[in-house]
Amino acid sequence: MEILKQILSSDLGSPMNNTAFLIFRVLLAIQLFRVHGLKKFRLENGQREVIPNPLGMPDKLNALAASFADLVVPFLIILGLGTRLAVLPTIGVTAIGYFVVHRKDSLEVRDVPFMYTLSLLLILALGAGRYSLDYYLLNIL
């Protein structure tokens, strides 16, 4: 129970800080879902997005992991539900994008996965803040 409290606990001090972080969290998650999540369904030139598989995982598992990170995790971030644990798969996907998939690309191309990774690491470190289901659940347990 104490570990659960540690994971869910997050209060950024003032209402202003908690509100600002709520807005940051929601806007980041919406962007992640709109730009990267919806690409999993869109067809370009009659074909679906090719999901890179730099770790050589089975194709279905790789597609499932990438889809979960870009389609499900954003909603958990918006709700602030299990936030610190929820961001871990997406941190993995974006960090692999930066360090493996785009390692030879220009800084302009590498910038996107780098900024997502940094932003998600911030959420991992701070939690969801006071305006989240994590905070609410912690205070009724």
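Modeller: Axes here are lines fitted to C-alpha atoms, for helices over the stretch in contact, and angles run from 0 to 180 degrees between N-to-C directions. The model is a predicted one, in which local features need pLDDT of at least 70 and side-chain atom pairs count only at pLDDT 80 or more, while totals for chains, interfaces and linings use all residues. Residues are numbered from 1 along each chain as its sequence is written, and side-chain values use heavy atoms, with hydrogens and water left out.

The protein chain has 6 helices and 2 strands, these being DSSP runs numbered from the N terminus (helices: H or I, at least four residues; strands: E, at least two). From the N terminus the order is α-α-β-β-α-α-α-α.

The axes of helix 2 and helix 5 come within 11 Å and cross at roughly 140°, and the two helices are therefore oblique to each other (angles under 35 degrees count as roughly parallel, over 145 as roughly antiparallel, 65 to 115 as roughly perpendicular and the rest as oblique). Their crossing is left-handed, a term used if the near helix is turned anticlockwise from the far one by less than a right angle, with right-handed used if clockwise. Contact means heavy atoms within 4.5 Å; among the residues that make it are Phe 21, Phe 24 and Arg 25 of helix 2 and Tyr 116, Leu 120 and Ile 123 of helix 5. By class, this contact has 10 nonpolar, 3 polar and 1 charged residues, where Ala, Val, Leu, Ile, Met, Phe, Trp, Tyr, Cys and Pro count as nonpolar, Asp, Glu, Lys and Arg as charged, and the others, Gly among them, as polar.

Helix 3 (residues 59–79) and helix 4 (residues 83–101) have axes that come within 9 Å and cross at roughly 145°, and this crossing is also left-handed. The contact includes Phe 68 and Val 73 of helix 3 and Pro 89 and Val 93 of helix 4, and its residues divide into 11 nonpolar, 2 polar and no charged.

The largest pocket has a volume of about 610 Å³ (on a 1 Å grid over the protein atoms alone, a pocket is an open set of points where a 1.4 Å probe fits, with protein on both sides within 12 Å along at least five of seven lines; lining residues have an atom within 4 Å of a point; a volume is the space filled by probe spheres set on the points). Of its 27 lining residues, Pro 52, Asp 70, Val 93, Thr 94 and Gly 97 lie nearest the centre. Helix 4 gives the largest share of the lining, 7 residues.
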